[in-house]
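Reader: I am new to this structure and would like to go through it with you. Could you show it to me before I begin with my questions?
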Amino acid sequence: MPYPEIRPRRLRRNAAVRRLVSETRVDPAELVVPMFVKEGLTEPRAIASLPGVLQHSRDSLRKAAVEAVQAGVGGIMLFGVPERRDPTGSGGTDPAGILNVAIRDVVAEVGDATVVMSDLCLDEFTSHGHCGLLTPDGGVDNDATLAAYAEMAVAQADAGVGMVGPSGMMDGQVGVVRRALDAAGHADVAVLAYAAKYASAFYGPFRDAVESALDGDRRTYQQDPANLRESLREVELDVAEGADLVMVKPALPYLDVVAAVRAAVDVPVAAYQVSGEYAMVEAAAANGWIDRERVMLETLTSIRRAGAQIILTYWAVEAAELLRQRY
């Protein structure tokens, strides 16, 4: 036989063979779609920096939840955008606050057909835009914030949520939330810990979506993008405190972190493909520079290949439909 004798290209020769030997697949059930609901809207509103993503009204949110279930996505992560904010973020703990109302709406609409999740953080509800309560000198008070998170967790669980996502990066947040849920009779509500959340520049469009009031940055509580070992320590602490799942955020710039976390823990690992990741692809595709659908699926595959079993992505519904056609 003429050189070369070993020919790996045999396993790439057509689509059927490539599909047969594919090492990594993204399943629609592993995708979670973030959704925003804005208090007072009667019609959904487009978000300019997130093409195709909406601020929902309560009615359009229910319809979107049904569409997500029909597409086969594994979960819906809800974010609330209130009409009014205050220094303590009281709208987040108010049973009549927009996020808690939205949880009840979505649970009533889709029940257990998908996992209804909720962001557990004060930043959307505070007038200063930080993820916690402030000290008199303007710093974030870790322990006072924990008490607010405990109250918020119970309010969301009372509304019917299946999984809470503490995302504020306060020390001890998972343990406080777990104890509060258990004490309130919500032992079955799971905790998806934002265990490794970086102080990233990729969050800009998200802040448009929630109309963030933040002045300054969150570097005193979110992680330094230069650090990996710190993430492993944060993950270890969250698992010890009772996290049922852990998450890395953002995803694509931190695939090494995703892989390291996957190797370090036995609980499911999630990654959040954040707004800036999504917006970059959409902008490049709109200019005709890339093949949008191929890049969409390639990015999701890379996150899955790195070790994330669950991916939060604004493409979840569309990607789920494309994946069902592919496989």
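Predicted model: local features only at pLDDT ≥ 70, side-chain atom pairs only at ≥ 80, totals over all residues.

Reader: Let us begin with the backbone. Which peptide bond is cis, with omega near 0°?
Author: The bond from Y3 to P4 is cis, with omega near 0°. P4 belongs to the segment before helix 1 (15–21). A cis peptide bond also joins K249 and P250, and its omega is about -5°.

Reader: And where is P250?
Author: P250 sits in the loop between strand 8 (245–249) and helix 8 (255–264). P250 is also one of the residues in contact with S200, leaving aside the neighbours of S200 within four places in sequence.

Reader: What else is S200 in contact with, on that count?
Author: S200 is in contact with Q222 as well. S200 is found in the loop between strand 7 (190–197) and helix 6.

Reader: Is S200 buried or exposed?
Author: S200 has a relative accessible area of 12%. Buried means under 20%, so S200 counts as buried. A polar atom of the S200 side chain lies 2.9 Å from the backbone nitrogen of F202.

Reader: Turning to phi, what is the value for M169?
Author: M169 is a residue other than glycine, yet its phi is positive, near 60°. M169 lies in the loop between strand 6 (163–166) and helix 5 (173–183). With 7% relative accessibility, M169 counts as buried.

Reader: What about E211, which is not a glycine either?
Author: The phi of E211 is also positive, about 55°. E211 is in the loop between helix 6 (204–209) and helix 7 (229–241). E211 has a relative accessible area of 31%, so it is partly exposed.

Reader: On to the helices. How many residues does helix 4 have?
Author: Helix 4 (residues 142–159) has 18 residues. From its first C-alpha to its last, helix 4 reaches 26 Å, close to the 26 Å expected at 1.5 Å a residue. Helix 4 is mostly covered, with 13 of its 18 residues buried.

Reader: What is found at the two ends of helix 4?
Author: At the start, a side-chain oxygen of D141 comes within 3.3 Å of the backbone nitrogen of D143. Just after helix 4 comes G160, with a positive phi of about 110°.

Reader: Why is helix 5 described as largely enclosed?
Author: Helix 5 is largely enclosed by the rest of the structure because 8 of its 11 residues are buried. Among them are Q173, R178 and L181.

Reader: What covers the buried residues of helix 5?
Author: The cover includes strand 5 (115–120), helix 4, strand 6, strand 7 and helix 7. After helix 5 comes G185, whose phi is positive, near 85°.

Reader: A last topic: how many disulfides are there in the whole structure?
Author: A search of the whole structure finds 0 disulfides.

Reader: How accessible are C121 and C131?
Author: C121 counts as buried, at 0% relative accessibility. C131 counts as buried too, at 1%.

How values were computed
Residues numbered from 1 in each chain as written. Heavy atoms only, no water. Helix = DSSP H or I, 4+ residues; strand = E, 2+ residues; numbered from the N terminus. Buried < 20%, exposed > 50% of the residue type's maximum accessible area, 1.4 Å probe, protein only. Polar contact = N/O pair within 3.5 Å; in protein donor to acceptor, adjacent residues only side chain to side chain. Contact = heavy atoms within 4.5 Å. Expected span 1.5 Å × (residues − 1). Disulfide = S-S within 2.5 Å.
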